[in-house]
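Colleague: Could you walk me through how the labels on this model were decided?
Modeller: Gladly, here it is.

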Amino acid sequence: NGEPCNLFEVFPFIAEKQGWDLKEAFALAARYTKRVTFSHYDWEVSRNAINKNRRIGVSMSGIQDWLLNDLGHRVVIGFKDVEDPATGEKIKKAIYDPKGIKVVDQLYQAVVEADRKYSQELHCNPSIKHTTVKPSGTVAKLAGVSEGMHFHYSGYLIQRIRFQESDPLLPALRACGYHTEPDIYTDHTIVVDFPIKAANADSKNFASAGTVSIAEQFATQAFLQTYWSDNAVSCTVTFQDDESKQIAPLLHQYRHIIKSTSLLPYYGGSLKQAPKQPISKDIYLERKKQITGDVEAFFEAENDDIKGLE
């Protein structure tokens, strides 16, 4: 009670591309979040809880992009039939890639060790919890990676973003070839289509929310809760109509491992002006060709003209 969120997000897929040593990146994240615990909090309940627990939440995002890129396949490499010790029923236990287990556990240990050393320097309690997985919706979009632990909605898709019709960015988007149209649900709102290609979209081992099984999604959450996160793993499992009967058994199977799971039917492209609409590679390439300008350059030039008139 009284503890605020104290989160830091690392994108290992992007960090490796930029030449970062991942252990160093996650250690820095631990140090930063630790310093945040020394911020001033007006409420005494919060001050007391933070001073005692020093809880931090170092998160990673773009996990599917990173693991597929590094391992060459997804972290769940199969299932085996075992007996549930509590019920005696047959269940399918996930088999995880050993390299995936090792690399994720090493990063967890790097966070814990960084916290231990920094706590000594700061003369404070070590943190009682260190790691988490955020939902990472908006931030992951900016980084261009999959969101948190989730699989991309599709290898190729239209990402729709809604703008107030007076937004000064809209003229630049239209001038550069992005498709815009009035929102059919909300007045004075414009919907803009952004064609998106997922990292590793053409890999034979790529999976999306529309193709990966509900069992693998649960198993992936359990993997991260076991080897990475000592706080919660945020997860929204998407499921097909014919998978709905598996929900209760899977929740029961993982009841002692995962902390919470949200569930969402997979709608694909069936909803009008949906935030995400799966498309083919050919449609993606066609939409990309229509984008002929640099939005940032156009926007800056337009604003410079306005400043000149002032």
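**Labels and their cut-offs**

Colleague: Why is leucine 264 called partly exposed?
Modeller: Its relative accessible area is 39%. Buried means under 20% and exposed over 50%, with partly exposed in between (1.4 Å probe, protein chains only), so leucine 264 at 39% is partly exposed. Do keep in mind that this is a predicted model, where local features need pLDDT of at least 70, side-chain atom pairs count only at pLDDT 80 or more, and totals for chains, interfaces and linings use all residues. Residues are numbered from 1 along each chain as its sequence is written, and side-chain values use heavy atoms, leaving out hydrogens and water.

Colleague: In which strand is leucine 264 found?
Modeller: Leucine 264 lies in β10, residues 262–265; strands are DSSP runs of E with at least two residues, and helices are runs of H or I with at least four, numbered from the N terminus.

Colleague: How do you know that β3 and β4 pair?
Modeller: Pairing asks for at least two DSSP bridges between two strands. Strand β3 (residues 76–83) and strand β4 (residues 90–96) are joined by 7 bridges and run antiparallel, so they count as paired. Glycine 78, for instance, has isoleucine 95 in β4 as its bridge partner. The two strands form a hairpin with 6 residues between them, and glycine 88 in the turn has a positive phi of about 80°.

Colleague: What makes β1 and β5 edge strands?
Modeller: The open sheet has 3 strands in the order β1-β2-β5, with parallel pairing. β1 (7–10) and β5 (131–132) each have a single partner strand, so one side of each lacks a neighbour in the sheet.
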